[in-house]
Amino acid sequence: MTEVKKRAFDISLCTIAFRERLLEYSLDLAAEVGFQGVEIWGREPHISEEYEKNRVLAAARMVHERGLRVPVFGSYLRVGATSTDDVFALKDALRIAAGLEAPVMRVWASDVASAHADESLWARTIDEAGEAASCAAKMGIRLAVEMHGNTLCDTGASTRRLLEAVGSHSFGANYQASSRQRNETALERMELVLPWIMHMHAQNYAPLQAGSDRVERVALADGVVEYGPLFDLLRANDYEGVVSVEFCAAHASDKRAAIAHDYRYLRSL
């Protein structure tokens, strides 16, 4: 019997991995290593949080000149925010995503952990997410909410609650494994939101010492998250999105080499 070749996912580099450098550095590295795209970090010095047409067009041109694309714009638009210290305007964020020709834009669900959120915050976040998704859909853009600590999407169950409540084809999940594997495994977390996953961040962790809850970021091949089963589950669900390498190992002596190693590991799967 002929073995069926597994479909390969496109792999992109999150430019936040090199947030201490100008955007060009990440673009050059991504092209050199062989990444198919870049997820542009939505902050200086990579892009302004306010829409500047010439700057966005210049960034898009630099991406295209290197044979890359922008599958996701990593914005800091936060629906249901309780603080005014970190406000990213919806109009600006969508115009930046459109200028970068990014079909998906990353967003955030409030700034409160799901266990500490009251029903009024849930209701406001759901309403704002729905309105943002509606605006995005008119521009042909979909929103992927970050699964992250200290937000309403800090667990698989809480993320599913938000996604089901919003109920929009233009509002999905930006999946990433949690560093707290004791609470839910990466596979359990993915199973809860599988139908809604639009994008995926790849990162991995290892305990600082045996039995400790404290972890550090390590190479993708070396931590507690097993990416093979996650990829198999995505394929079984006909996932059409991209997988982004978000950061490299915390103590990597050569970040360029570490990122290249992570890319080759994901490609080997």
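Author: Helix α4 passes helix α5 in a right-handed crossing. This is a predicted model, in which local features need pLDDT of at least 70 and side-chain atom pairs count only at pLDDT 80 or more, whereas totals for chains, interfaces and linings use all residues. Residues are numbered from 1 along each chain as its sequence is written, and side-chain values use heavy atoms, with hydrogens and water left out.

Reader: What makes the crossing of α4 and α5 right-handed?

Author: A crossing is given that name if the near helix is turned clockwise from the far one by less than a right angle, and is left-handed if the turn is anticlockwise; α4 and α5 fall under the right-handed case.

Reader: Why is α4 called oblique to α5?

Author: Helix α4 (residues 119-138) and helix α5 (residues 156-166) pack at an angle of about 55 degrees, their axes being 9 Å apart. Angles under 35 degrees count as roughly parallel, over 145 as roughly antiparallel, 65 to 115 as roughly perpendicular and the rest as oblique, so the angle of this pair makes α4 oblique to α5. The angle is taken between N-to-C directions on a scale from 0 to 180 degrees, with axes fitted to C-alpha atoms over the stretch in contact.

Reader: Which residues make this contact, and how are they classed?

Author: On the α4 side they are Glu119, Trp122, Thr125, Ile126, Ala129 and Gly130, and on the α5 side Ser158, Arg161, Leu162, Ala165 and Val166, where contact means heavy atoms within 4.5 Å. By class, the contact has 6 nonpolar, 3 polar and 2 charged residues; Ala, Val, Leu, Ile, Met, Phe, Trp, Tyr, Cys and Pro count as nonpolar, Asp, Glu, Lys and Arg as charged, and the others, Gly among them, as polar.

Reader: What makes α1 oblique to α8?

Author: The axes of helix α1 (residues 23-33) and helix α8 (residues 255-268) come within 10 Å and cross at roughly 45 degrees, and that angle makes α1 oblique to α8. Their crossing is right-handed, and the contact of α1 with α8 has 6 nonpolar, no polar and 2 charged residues.

Reader: How do you know that β4 and β5 pair?

Author: Two strands pair if DSSP finds at least two bridges between them, and strand β4 (residues 104-109) and strand β5 (residues 142-146) pair in the parallel sense over 4 bridges.

Reader: Is aspartate 238 buried or exposed?

Author: With a relative accessible area of 59%, aspartate 238 is exposed. Aspartate 238 sits in the loop between α7 (227-236) and β10 (243-245), and has a positive phi of about 55 degrees although it is not a glycine.

Reader: What makes cysteine 14 buried?

Author: Its relative accessible area is 2%, and cysteine 14 is therefore buried. Cysteine 14 is found in strand β1 (residues 11-14), and, leaving aside neighbours within four places in sequence, is in contact with Glu39, His201, Ser244, Val245 and Glu246.

Methods
Helices (H or I, at least four residues) and strands (E, at least two) are DSSP runs, numbered from the N terminus. Buried means under 20% relative accessible area, exposed over 50%, partly exposed in between (1.4 Å probe, protein chains only).
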